[in-house]
Structure formats: C-alpha cells, structure tokens
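Dear colleague,

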Number of protein chains: 2
Amino acid sequence: MTYSEAWLNYQTVDHLRFPFDTLYADTEKKTVLLATEELQMAAKRLAKVKLNHISDPKMAALALQGTHTGRGAIFMEIDGSIPNEEGYQIYKKKPGLVICGGGKSGLLYGTFALIRTMQTNPTLFSKICSGKQTLEKSPANPLRMLNHWDNTDGTIERGYAGNSFFFVNHELVINERVKDYARLLASIGINGTVINNVNVRGAATSLITGRYLPQLAKLSELFAPYGIKLYLSLNFAAPMELGALASCDPLDRNVQNFWKKKMEEVYTAVPLLGGFLVKADSEGRPGPFTYGRNHAEGANMLARAIAPYGGKIIWRCFVYNCSQDWRDRKTDRAKAGYDNFMPLDGEFADNVILQIKNGPMDFQVREPVSPLFSGLKATNMMLEVQAAQEYTGQQKHLCYLIPMWKEVLNFKTYAAGQTGADTVADIVSGRFYGQKNCGMAAVANTGDDENWTGHDMAAANFYGFGRLAFDTELSAEEIAKEWTRSTYGSNREILECMLPMLLSSWEIYEKYTSPLGIGWMVNPSHHYGPNVDGYEYDRWGTYHYSDCHGMGVDRTMAGTGYVAQYNEPNRRMYENIETCPEKLLLFFHHVPYTYMLKTGKTLIQHIYDSHFEGAMQAQNMLLDFDALKHILPPAVFEHIHTRLKIQSDHAKEWRDRINTYYFRMSGIPDEKGRTIY
Amino acid sequence: MTYSEAWLNYQTVDHLRFPFDTLYADTEKKTVLLATEELQMAAKRLAKVKLNHISDPKMAALALQGTHTGRGAIFMEIDGSIPNEEGYQIYKKKPGLVICGGGKSGLLYGTFALIRTMQTNPTLFSKICSGKQTLEKSPANPLRMLNHWDNTDGTIERGYAGNSFFFVNHELVINERVKDYARLLASIGINGTVINNVNVRGAATSLITGRYLPQLAKLSELFAPYGIKLYLSLNFAAPMELGALASCDPLDRNVQNFWKKKMEEVYTAVPLLGGFLVKADSEGRPGPFTYGRNHAEGANMLARAIAPYGGKIIWRCFVYNCSQDWRDRKTDRAKAGYDNFMPLDGEFADNVILQIKNGPMDFQVREPVSPLFSGLKATNMMLEVQAAQEYTGQQKHLCYLIPMWKEVLNFKTYAAGQTGADTVADIVSGRFYGQKNCGMAAVANTGDDENWTGHDMAAANFYGFGRLAFDTELSAEEIAKEWTRSTYGSNREILECMLPMLLSSWEIYEKYTSPLGIGWMVNPSHHYGPNVDGYEYDRWGTYHYSDCHGMGVDRTMAGTGYVAQYNEPNRRMYENIETCPEKLLLFFHHVPYTYMLKTGKTLIQHIYDSHFEGAMQAQNMLLDFDALKHILPPAVFEHIHTRLKIQSDHAKEWRDRINTYYFRMSGIPDEKGRTIY
C-alpha cells in the first residue's frame with residue numbers, strides 16, 4: 001500500500017537561504033530524535049543542505065533544547081515568557097538558532113514550526129535566522145483531538161476516504177502508515193486521538209479486554225514520542241456485554257466495581273492511555289437514562305474509576321429524542337442538548353469533559369453556535385467539529401471548513417456580559433473559566449486512501465483543524481496558504497488558483513445546497529445529495545415546514561422558544577427577524593416566500609439566485625482549476641479535476657431539485673426566467 | 001420447522017352428509033394415489049368417514065377414473081364434453097359417484113374440486129351426490145404459474161413471509177414442506193412454478209450447471225405427480241459467466257452453440273423441466289440491447305435451443321429506461337413496454353411467451369391495463385400479477401387482490417372492435433387468438449413463515465390466484481368465500497366477519513395510500529410506507545408532478561401521448577378528462593386541485609376525504625375483527641389482530657403524511673376542518 005506524505009512531502013523551496021550546517025540535540029530522547037530527523041530531512045529536501053550533528057551545543061548552528069527537560073540548561077535565557085510544556089520559542093543565539101521547547105512536545109512542535117516557516121514564509125524565516133524576530137507559540141487549547149469513527153471491521157462510519165488504517169478485519173494494525181499518521185498529527189499539533197467509532201458495537205466493545213490491550217499498549221507507545229495520547233470510545237453497556245451484569249446503572253455497586261476493576265486492568269496494560277470518549281443515550285446507544293440517572297451520574301461513575309490513572313472521560317452532549325413524531329411541532333431538537341446538560345452544570349467531575357458539537361443540530365452546512373457554550377459555567381467543555389464532510393459534500397465536493405470553524409470560535413457568547421473576552425475560543429481554550437481539561441476535537445476525515453482524505457484538497461481540513469486548534473488566532477486564509485504551500489510547493493500559480501477555491505468553497509457549497517440555515521435537505525441515511533423532503537416526515541426532529549406560503553422553523557419565543565437558550569443580546573438578535581443574521585434566517589424564523597431580504601430580493605428569489613449562482617461557481621471552480629493542468633503533476637491534477645467535475649455536475653442536480661421543489665411549492669416564477677423544471 | 005396446512009387443514013364440516021364408504025382407483029399411478037389419499041384424508045377429517053378401497057369399480061361408491069389414461073374405460077359415458085387433459089367431470093353413476101379426469105392432472109383437480117365442494121358448498125355437494133348436478137370444469141388458462149423471487153442464499157426479493165423454503169445457504173432443499181407446497185399448488189390448479197428470482201445473479205446463474213441439476217431433477221420428479229412443471233429463471237449473460245465467452249450476443253454463433261449444448265445438458269439431466277423465465281434488458285439485467293439486437297432475436301435464440309425438448313421461454317416485457325432524467329417530462333415510462341415489444345409482434349417463436357405485467361408501470365395499487373394486451377395479435381401472451389404485496393402493504397396490511405385482477409381480466413381490449421369477446425381474460429387464455437402457450441403468472445407471496453404468507457389472510461391471494469387462473473369466471477367474492485371456509489371451517493360468524501374485510505381491503509388500502517391512480521408515493525427501495533416525493537426526483541420514470549396548482553401526469557395526446565397505445569374507444573375514453581374513469585384520473589391527466597369530480601368534490605377535498613375515510617376503515621377492520629376473539633383459536637386471532645393493528649396505525653401515518661403534503665402544497669384547507677399537520 002502506498003500513501004502520500006500529504007503536507008509533509010517537503011518539496012524544494014526556490015531561493016531558500018538556509019544558513020545552517022551543524023546541529024546539536026540530545027538525541028537519547030525519542031522525541032528529540034524524531035525532531036532532529038525531521039529537521040535533517042526537511043533541510044535536505046527543502047534546501048538541499050546536510051545537517052551534521054556536533055556534540056557542543058555552543059558551537060551548533062541549530063540547537064534543539066528543552067527548558068524543563070533535558071540535562072543541559074544553557075539556553076535558558078529566553079526572551080519573553082517561558083513556553084509551557086507544549087510551547088516553543090525559536091530565537092537567534094550566536095553562533096546559530098535555538099529551538100527551545102517547554103517540554104518534549106514543545107520541542108517537536110517548534111521544529112515543525114521552523115520547517116513550516118521555511119516552506120511557507122521564507123521572509124519570516126530570514127528574519128528569525130538574522131535575529132530580527134523570534135518565533136514563539138504555546139497552544140491555545142490544552143486538548144487538540146481527532147475522533148476517528150473507525151469500526152473494527154475496517155469500515156468507517158461517515159468515512160469518505162476508504163477504509164480504516166487502524167483496523168483490518170477486527171485486528172488493530174500497527175505499521176509504517178500508523179507511524180506516518182502520528183508524524184502528520186505532530187506536525188500540526190494534535191495531541192490526542194480516539195481511534196474507534198463513538199458508536200461502540202460488537203467487537204469494538206472488546207477493545208478494553210485482553211484481546212486488544214497488548215496491541216493498544218504498543219500503539220500508545222508508538223504515539224507517545226509524537227506527543228499524542230491514545231483514547232478509545234467506550235460502550236456504556238460494557239458491564240452487561242463484557243461483565244454479564246444485569247444492568248449498567250451507574251449507581252449500581254456491581255457496575256461501579258466492574259468499571260473500577262476494568263480501569264485497573266486497562267491501565268495496568270496500557271498506562272499511557274488518555275481516557276475514553278462516550279456517546280451515551282444517543283441515537284440508540286445505551287446510557288444512564290435507561291436507569292433514571294442523569295448524565296452527571298453516568299459520567300462521574302466512569303470518571304471516578306479512571307481518576308487514579310489520570311484518565312479523562314470525554315462525554316458527548318449529542319443527546320436528543322431521535323424518535324420524534326413529525327406531527328409534533330412543539331418539540332425542538334435544537335433545544336435538547338441545552339435542556340439535557342444545563343441543569344447539570346457544576347456537577348461533573350474534574351476529569352470529565354463535555355464534548356459539544358459546534359451547532360445544536362448535527363454538523364449542517366450552517367447552524368448557529370450551540371448555546372451550551374454560552375450557558376455552562378462550571379463544566380469542562382470541548383468543541384466538536386466535523387472534518388469528515390458528512391453533510392458538506394462527502395469529500396467529493398470541495399468544502400474548506402476552516403472559515404466555518406473560525407465563525408464558531410469567534411462567536412461572542414456574552415457569558416461575561418459585554419467584555420468581549422468570552423468567545424467560544426475563549427471558553428473552550430479554558431482561558432475564560434480557567435479550565436485545563438478542555439479544547440477542540442474534530443471527527444477525522446481520514447481513511448486508507450492513498451491521499452488520506454479522499455479528495456486531495458480535503459487534506460486542508462485535516463491540516464487546518466490541527467493548526468487552528470493549536471492557534472485559534474490564525475485566519476482561514478493563513479491556514480489555507482500554509483497548507484497549499486506545504487503540500488504543493490512555492491509555485492505562485494498554484495497558490496493563486498487554489499487559495500480562492502478553498503476560501504470560497506464553503507459559501508459556494510452552501511449556495512447550491514440548503515438555503516439560509518435551513519439544513520437537512522439531504523437523502524436520508526447516507527446524507528449525500530439533495531432531497532428536500534428527505535427528513536421532513538421522519539423521526540429525527542429535522543424539519544423545514546415548507547408550504548405554499550413559506551418555510552423555516554419558528555424558534556422565537558412565539559415558536560419553540562429555542563432563542564431563550566442564548567444570552568442577551570444574542571437572544572434578542574435571533575428573536576427579531578430584522579436583526580437575525582440572514583444566513584441563519586430560516587433556522588430561527590418561518591418566513592413567507594415574499595419576505596424581502598436586506599439585499600432587496602424576496603426569499604424565493606434568493607433561493608433561485610443562490611442555487612443558480614452556487615452551481616455556476618462550482619462549474620467555474622472546475623474551469624479555473626484548468627489553469628493548473630500543466631503545472632501540477634498529471635496524476636494530482638487528474639485526481640482533483642475528477643472530483644471537481646463530480647461536484648460541478650452534482651451542484652446542478654442540487655440547483656435543479658431545490659429550485660424545482662420551491663417553484664412547484666410557491667408557484668412564484670424566477671424573475672430572470674431561467675429554466676426550472 | 002412447523003408450518004400450517006393453510007386452506008387444506010380440513011376442519012370438520014357440521015352436518016355434512018357424506019354418503020360414501022368405498023372407493024375405487026388405479027393407485028399404481030402416482031397422481032391417482034395422491035388423489036386417493038387426499039380424498040381419504042378429507043373424508044376422514046371433514047366427515048369422519050373412512051373410505052375403503054375395493055377392487056371392482058362397478059361396486060365402488062366413489063370411483064376415480066381418467067378418460068384418456070388408465071386401463072379401464074368403463075365410465076366413459078360422460079355427460080357433455082370430454083374434459084381436456086387438465087379438466088374433470090364429476091357425476092352420479094350408480095351405485096356411486098365418478099370423478100373423471102381428462103388426464104392425471106384433471107383427475108387430481110377433480111378430486112380437490114369435490115373436496116372443496118364438501119367444505120365450502122354442502123348444498124351443491126348434496127346435489128352432485130344425488131345426481132341432480134354434475135361438476136365439470138376445464139382450466140381457462142393453459143399456463144397457471146407462480147414466479148418465486150427466491151435467491152439461492154435463502155433471501156426473497158420482495159418477500160414478506162420469511163425466507164425461501166427452496167433454498168438454504170445456496171443449496172436446493174427437497175423436504176416435506178416442498179411436497180406440501182406442491183399439494184397446495186395442485187389443490188388450486190397451479191401447473192407451473194419458477195423457483196428462483198428473475199434477477200439471476202451469483203450462484204443462481206449456476207442453477208443450470210452440474211452443481212444443481214441432479215437436485216433439480218429430483219424436484220421436477222417430486223412436482224410431476226402434482227401436475228406441476230418446474231421452471232427456472234435464466235441469466236441471459238450465462239454464456240459469459242459460465243461459458244467464459246466474450247459476449248452473450250444472440251446472433252453470435254458461439255453464444256448459440258453455448259445455449260444449444262447447455263440445453264442439451266440441462267434436459268438430459270432434468271427432462272421434466274418446463275422451461276425458463278427471462279428478465280432481460282431490465283433494471284440492469286443483461287440482454288440483447290447490449291449487442292444492438294432486439295428482444296425477438298434474444299428470445300428466439302433461446303427458444304431454438306430449447307425447442308427440441310419441448311421447453312418454453314417466458315420472456316418478460318418489463319423493459320424500460322431506469323436511468324431517466326427526472327427533468328425530462330417527455331419520456332414516459334408507461335409507454336416503454338408497448339414501444340419495445342409492439343414492433344416485434346409476430347416475430348417471436350412459437351415456444352416463446354411474453355409475460356406482461358397487468359399495468360404499464362409496476363404493480364401499483366391501481367394502474368390501467370397494459371396496452372400490450374390490446375395491441376399484440378400474433379404473439380403468445382401471459383398476464384403477470386403480483387401476489388407478493390410489494391406496493392400493497394407488504395403482507396402487513398390486508399389487501400385482497402382478486403378484485404384488482406378481476407378488473408384486469410375483465411378489461412375490454414377492443415382488439416376485435418366491439419365484439420366483447422376480447423377481454424384480457426379472452427386474450428391470455430388463448431381463446432381469442434387460438435393460442436396454447438399462454439395464461440397467467442403471479443409473483444408468489446410465500447416464504448418459510450409458519451403460515452406461508454406472513455399475514456394469515458394474505459393466503460387468500462395465494463389461493464385466489466390459483467383459483468382465478470383456473471377459472472377466470474369465478475367472482476372475487478366466491479373465491480373469498482371458498483378460501484375463508486376452507487381455511488377456517490364452516491362457522492358463519494367467521495365468514496361474516498372476514499368476507500367484507502377481504503372484499504373491501506383493496507379499496508381501503510387505495511383510499512389511504514395514493515389517490516386516483518397516481519401511484520409511487522412510497523419510500524424508495526423497500527417500497528413500504530408513505531413518501532410523496534420519494535421517487536419524484538429520481539431516475540425511475542415515476543413522477544406525480546405535484547405543484548401548488550395541481551398534480552398528475554398528462555398522458556393524453558397533448559401530453560406524453562400514452563393514450564395512443566389503446567384501441568378505440570379506450571383511447572378516447574382516457575383522453576377525455578370527462579370520460580376517463582376517475583379512479584385513474586391522475587394517471588392520465590394533470591388536474592388542478594380545484595377540479596370538480598363527479599362526486600361534487602374538488603380533487604383536493606377528495607384527497608383529504610379519501611385518506612381520512614381509508615384510515616378510519618382500516619381502524620374499523622381492526623375493531624370489527626374483535627368479533628372473532630372468542631371464535632378463532634387464540635393464536636390465530638392474535639396473529640391477524642397484530643397485523644391489523646399495524647395496518648390501522650400505519651394507515652394513520654399514510655393519511656397524515658399525504659394530507660399534510662397536499663395541504664402544505666395546495667394551501668387549501670379541509671372543508672371539514674379535520675387535523676392536518
């Protein structure tokens with residue numbers, strides 16, 4: 001099996017001045033050795049320079065050194081603040097440059113940062129080399145995790161890039177690819193990974209048994225020098241399925257004993273394990289509700305059992321009634337997460353983290369930010385986003401998601417009134433409430449495809465998630481530039497072509513799919529392709545209520561009352577149709593087709609225009625990409641071109657189906673007289 | 001595995017006068033032995049009489065005798081016409097009664113007819129015994145076949161009664177159940193059965209190889225004394241899949257040779273085989289179109305190869321474009337069968353039979369009759385109906401289909417102008433064109449469920465198909481009475497409860513599902529449950545074109561022109577919205593919601609009323625059935641009651657989804673102000 005190095009393929013950078021030829025590092029430590037090797041490889045491939053080890057740090061052109069670890073402390077005179085365990089500082093120190101890490105991870109991250117600077121910003125690299133600038137960074141978020149939805153049989157739930165590279169035929173695989181996966185994660189600062197599906201069924205329940213523990217120990221050891229903690233998804237019903245107990249009631253002494261012993265067994269075998277991710281009482285998964293217990297009782301029971309080993313319980317808030325009667329217009333799924341978890345604020349153990357999806361529904365193209373981030377004050381929180389493009393084109397369509405995640409991070413919660421220091425980024429980083437167990441997680445978009453992510457350009461979401469979780473101040477554009485240059489080299493034409501494609505892709509996808517925050521107009525189950533009524537009469541709580549007069553969900557106080565879950569002035573803003581952001585208009589309001597938008601267009605005309613425009617832009621991306629025909633390697637061009645063609649064609653299907661549906665429904669013709677069927 | 005005897009359970013008939021105690025028959029013949037045993041069992045169980053064999057036919061109270069076969073010819077003085085091979089005559093001949101068969105099948109059918117008369121019509125039975133009446137019948141249709149869509153892995157395509165009893169884990173099973181299946185078929189006059197799915201894939205392609213032939217020979221021998229011919233479905237691509245040829249072009253000499261040799265091999269091993277059923281160029285199945293050949297060339301190639309063995313090729317006309325662009329409003333799937341096969345009229349070999357579905361689409365709740373029956377004049381035809389309730393409630397809902405099939409059989413084709421002797425029944429029986437290779441086939445609704453048909457009462461469709469194919473003059477009511485009495489005994493209350501349920505069930509199902517012949521408002525793929533737009537934007541050519549003004553498909557000359565496929569005056573009748581039968585209104589016309597029906601209701605009000613009424617009637621069936629709570633055996637009651645409850649609940653789901661869709665679409669409220677969501 002071959003696979004690409006993705007953004008770590010280190011193509012030669014033209015005119016890169018690399019003024020070093022000697023290197024000092026304490027390579028007895030595994031992480032330092034990895035960093036050193038990475039640096040040597042990068043120097044050789046980027047700048048055609050061979051870096052030789054020397055034994056005297058004072059004489060080395062490049063010195064890798066930890067502050068808190070490592071025997072030598074000679075480079076401790078750091079400018080500015082001392083980086084934390086995972087932070088780094090890179091500065092000029094005659095005769096060369098020092099990469100100083102707060103700990104082993106920081107040193108590795110610093111090394112990758114210097115390499116990235118060489119690749120993507122030669123000017124800055126020059127300044128660092130000449131001492132005009134230092135490069136200094138500590139991660140914004142304590143936890144920066146991937147969630148793989150890989151099943152032990154090798155399939156991946158919502159996977160669009162082939163099969164699992166962790167599991168083949170129920171065996172846990174450890175090979176070169178897994179090692180290179182760890183290298184990719186380290187290069188973007190990801191420090192934790194859950195390798196199995198949150199829906200834990202069948203053999204996956206046995207991951208915490210002797211069948212898998214020895215191999216898991218090996219994997220955790222492979223990950224460790226890369227600064228990565230191994231996590232697993234847990235089956236809440238394991239006491240019944242593995243322990244033959246009659247219940248999994250968290251207040252049952254036998255259940256508590258089961259978990260106590262189980263954690264002892266697991267941590268004896270896999271001491272490096274980070275902890276567990278749990279999907280309970282969600283979409284048919286077992287949980288504390290079955291026993292009349294709440295989620296704090298469920299999570300804390302596990303947390304107590306794992307606490308002696310320093311483990312964490314990451315508990316998902318994706319809890320809602322997935323058997324709703326579509327006739328019931330009062331129940332609002334959007335309210336469920338808040339309703340279920342707000343009353344428990346302050347009750348969760350210190351080593352429990354609530355993992356909250358960015359929006360209140362489920363990774364739609366556009367949703368408002370989950371009100372839980374605004375509400376919870378005494379609970380560890382982690383933001384969950386989805387790099388896997390379940391509802392955003394399934395890695396056949398280009399949809400660069402960093403702009404969406406930036407909007408989420410920048411959302412003002414007003415948890416502290418009007419201070420402005422309480423964005424979602426402030427909350428989940430722990431800055432606002434002074435938390436340590438918090439951060440960001442992404443549902444991974446990877447698989448065993450040669451390019452890791454199905455669509456070559458979907459790797460920008462993989463890359464971008466790590467970079468953003470590490471440094472939430474980075475802009476979507478900066479990240480896109482970094483990824484493009486790292487992946488495809490310093491060719492200006494490639495950047496000029498791909499950068500606008502990436503940056504406009506989410507908006508384009510939104511335009512030709514579901515309008516103004518309505519969501520859910522997809523085929524049931526597999527979630528690919530248009531189907532306006534696909535979920536309209538189903539049990540999932542996902543409705544648009546389109547009729548011949550208008551469409552959208554009234555979530556104001558006169559409607560489901562969902563807006564009440566936001567702090568002021570957000571509540572007011574959403575409540576009032578005039579101040580509600582139009583991109584979310586139909587999420588919050590039921591609106592007549594004749595309603596005039598701020599653009600001066602009616603709602604129905606906006607729907608038509610948006611779909612025609614989006615499909616046209618998808619087609620234009622395909623045409624624009626032709627500019628790279630003789631610049632990219634033919635196989636790379638062909639691969640991306642094929643997907644853009646699929647997207648362009650499929651965008652027309654979206655356009656025609658949505659427009660036809662609304663034309664038939666509203667009876668209002670397109671002002672511009674374009675073909676609607 | 002246990003299973004019921006269905007309508008052959010022979011419950012005691014109260015006050016049955018059975019004036020016989022001796023019996024003569026030539027039991028050296030297998031069929032006669034079967035008939036004799038059946039008669040003895042029936043006498044014992046129905047009337048508690050033991051019938052003893054005696055050797056002198058002149059002394060026997062009951063004598064079973066063939067006209068053309070059998071050594072004795074002493075009872076040849078038959079009143080009226082001599083029955084054909086499969087016909088029978090039962091008449092008084094002192095000192096007793098003679099059951100006289102035109103051949104061995106006729107004798108068996110006569111025996112079952114006499115038993116059925118004892119069970120279901122004691123008055124008639126008395127008259128026969130006393131010589132006041134003879135019982136005489138020859139089958140209306142030469143071929144009376146079941147098509148099982150059983151796969152070799154044991155699953156059944158569109159099967160709603162468990163798994164296959166023919167195939168388990170790719171092995172062909174011959175056991176007591178298969179024998180009892182043959183008994184059931186013989187009792188209702190079915191004389192042919194195709195045991196494997198028309199979609200022949202994988203292992204099923206190998207049914208015509210040494211792997212299966214010996215077992216198939218045994219099965220054909222088991223069937224023979226019951227008057228049943230074994231048939232198989234064939235993979236048109238077998239030359240490629242089995243013969244490693246590069247094509248299956250019917251004009252390719254190698255392909256022809258392959259089939260010649262294959263038929264020789266098959267018939268050497270299974271000389272009793274009736275022939276093959278072929279689904280070609282249909283829904284992805286291979287066929288002659290791939291090679292630019294027409295269906296006559298494809299079918300005749302097989303027909304020539306099988307002719308030396310007296311075999312038949314039954315060729316399905318279910319050929320249409322299943323990759324239609326939903327935007328294309330000119331192509332009309334309803335036209336496809338006629339367009340594909342009419343130009344070939346007269347070109348098919350004598351041993352080819354075209355098997356034509358009752359309607360031009362695909363077994364919807366209501367369709368017009370396929371115009372092929374009106375058009376083809378020099379081609380053998382067989383009518384295909386579907387006992388399996390794919391679109392009619394999947395044997396969870398009660399839907400007695402004989403009234404539908406009666407309408408089809410009674411449809412005047414006007415093939416002969418205004419003579420009236422050219423109904424579909426006249427055509428497919430061979431009476432009209434003097435054909436012998438023709439008849440009726442039903443997609444079977446059986447499986448290995450204890451009761452054979454999932455829903456106990458769905459057995460009425462199994463039973464009814466056989467009876468109707470044998471005697472197309474029987475009314476739906478007569479058949480329902482026969483089935484109820486045979487199955488549940490002579491209790492008057494059972495008949496009074498079940499008969500109206502059966503007779504109204506199709507209409508009730510129609511009322512709460514899709515209105516006025518529109519069809520297709522079902523969930524894609526599995527076809528169960530309401531989904532108005534389920535197929536609207538799909539590739540299957542099945543659209544309703546609902547918009548805020550109206551709905552229905554314009555198939556007049558101003559529309560797709562489908563009406564032109566009918567003979568006058570049918571053509572005119574359908575063309576004109578005033579004369580078009582309203583039950584098919586939306587099949588032929590696109591109609592505004594405000595259109596006034598002959599009932600004085602608008603179309604939209606009819607939709608609302610029909611769905612409220614149908615759902616109410618489904619609920620009433622459930623309530624009415626309670627009358628049998630202490631009359632039927634508890635398990636029988638419970639089983640039917642459970643299904644009626646499912647139906648009653650699900651009918652409300654249909655009601656609410658369809659009504660809500662059309663209320664939202666039309667904006668016109670229900671005149672009666674009932675709840676629509």
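In this predicted model, D249(A) lies in the loop that links α6 (238-241) and α7 (253-269) of chain A. D249(A) has a relative accessible area of 10%; as this is under 20%, the residue counts as buried. Its side chain makes a polar contact of 2.8 Å with the side chain of R293(A). Beyond its neighbours within four places in sequence, D249(A) touches V255(A) and Y291(A) as well as R293(A).

In chain A, helix α1 (residues 30-47) and helix α2 (residues 104-120) have axes that come within 9 Å and cross at roughly 5°. α1(A) and α2(A) are therefore roughly parallel to each other. Residues of α1(A) including V32(A), L39(A) and L46(A) take part in this contact, where α2(A) contributes residues including L108(A), F112(A) and M118(A). By class, the residues of the contact between α1(A) and α2(A) are twelve nonpolar, three polar and two charged.

In chain B, the axes of helix α18 (residues 603-625) and helix α19 (residues 634-666) come within 9 Å, crossing at roughly 165°. Because angles over 145 degrees count as roughly antiparallel, that description applies to α18(B) and α19(B). The crossing of α18(B) past α19(B) is left-handed. The contact of α18(B) with α19(B) comprises 17 nonpolar, seven polar and three charged residues.

With kind regards

Technical notes
Residues numbered from 1 in each chain as written. Chains lettered and ligands numbered in written order. Predicted model: local features only at pLDDT ≥ 70, side-chain atom pairs only at ≥ 80, totals over all residues. Heavy atoms only, no water. Axes fitted to C-alpha atoms, helices over the stretch in contact; angles between N-to-C directions. Helix = DSSP H or I, 4+ residues; strand = E, 2+ residues; numbered from the N terminus. Parallel < 35°, antiparallel > 145°, perpendicular 65-115°, else oblique. Left-handed = near helix turned anticlockwise from the far one by under 90°. Nonpolar A, V, L, I, M, F, W, Y, C, P; charged D, E, K, R; others polar. Buried < 20%, exposed > 50% of the residue type's maximum accessible area, 1.4 Å probe, protein only. Polar contact = N/O pair within 3.5 Å; in protein donor to acceptor, adjacent residues only side chain to side chain. Contact = heavy atoms within 4.5 Å.
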